[in-house]
Amino acid sequence: MNTINNQNPPKSWLVESILATIFCCLPFGIAGIVNAAKVESKFAQGDLEGAERASANAKKWTLISAALGVLVVLLAFIGTMLGFVGSQY
């Protein structure tokens with residue numbers, strides 16, 4: 001792991017962003033991937049503040065993507081159950 005002044009780069013969230021893009025919500029996941037890709041490059045340039053900002057943005061978009069994916073699955077499940085229960089009457 002590269003270090004600048006004995007500092008480690010911030011978490012990039014790249015793997016999580018890719019998984020959120022594939023399984024949850026494409027547009028917000030892509031925003032997470034774009035920001036995750038910026039973390040290492042900004043850190044390598046010596047821009048620790050920019051790398052931390054990119055990491056925070058990657059985390060934000062990844063979590064939004066994951067939350068929307070879970071919400072859509074939950075709403076689909078509830079809708080299916082309501083349709084099933086409604087069809088019984």
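Me: Hi! Leaving aside its neighbours within four places in sequence, which residues is Ser55 in contact with?
Reply: Hi! In this predicted model, Ser55 touches Pro10, Lys11, Trp13 and Val39, once neighbours within four places in sequence are set aside.

Me: And where does Ser55 lie?
Reply: Ser55 is part of helix H3, which covers residues 48-87.

Me: Is Ser55 buried or exposed?
Reply: Ser55 is buried: its relative accessible area is 8%, and the cut-off for buried is under 20%.

Me: What about Lys59, where is that one?
Reply: Lys59 also has its place in helix H3. With a relative accessibility of 38%, Lys59 counts as partly exposed.

Me: Where is Trp13, and is it buried or exposed?
Reply: Trp13 sits in the segment before H1. Trp13 is buried, at 16% relative accessible area.

Me: New topic: how do H1 and H2 cross?
Reply: Helix H1 is residues 14-23 and helix H2 is residues 26-44; their axes come within 8 Å and cross at roughly 160 degrees. That angle makes H1 roughly antiparallel to H2, because angles over 145 degrees count that way. The crossing is left-handed.

Me: Which residues make the contact?
Reply: From H1, the contact uses Leu14, Ser17, Ile18 and Thr21. From H2, Leu26, Gly29, Ile30, Gly32, Ile33 and Ala36 take part.

Me: How many of those are nonpolar, polar or charged?
Reply: The contact of H1 with H2 has 6 nonpolar residues, 4 polar ones and no charged ones.

Me: Which residues of H2 are buried?
Reply: The buried residues of H2 are Gly29, Gly32, Asn35, Ala36, Val39 and Phe43.

Me: What span should H2 have?
Reply: H2 has 19 residues, so at 1.5 Å a residue H2 should span 27 Å. The C-alpha atoms at its ends are 28 Å apart, which agrees.

Me: Last one: what follows H2?
Reply: Gly46 follows H2, and the phi of Gly46 is positive, near 90 degrees.

How values were computed:
Residues are numbered from 1 along each chain as its sequence is written. This is a predicted model: local features need pLDDT of at least 70, side-chain atom pairs count only at pLDDT 80 or more; totals for chains, interfaces and linings use all residues. Side-chain values use heavy atoms; hydrogens and water are left out. Axes are lines fitted to C-alpha atoms, for helices over the stretch in contact, and angles run from 0 to 180 degrees between N-to-C directions. Helices (H or I, at least four residues) and strands (E, at least two) are DSSP runs, numbered from the N terminus. Angles under 35 degrees count as roughly parallel, over 145 as roughly antiparallel, 65 to 115 as roughly perpendicular and the rest as oblique. A crossing is left-handed if the near helix is turned anticlockwise from the far one by less than a right angle, and right-handed if clockwise. Contact means heavy atoms within 4.5 Å. Ala, Val, Leu, Ile, Met, Phe, Trp, Tyr, Cys and Pro count as nonpolar, Asp, Glu, Lys and Arg as charged, and the others, Gly among them, as polar. The expected span of a helix is 1.5 Å times one less than its number of residues. Buried means under 20% relative accessible area, exposed over 50%, partly exposed in between (1.4 Å probe, protein chains only).
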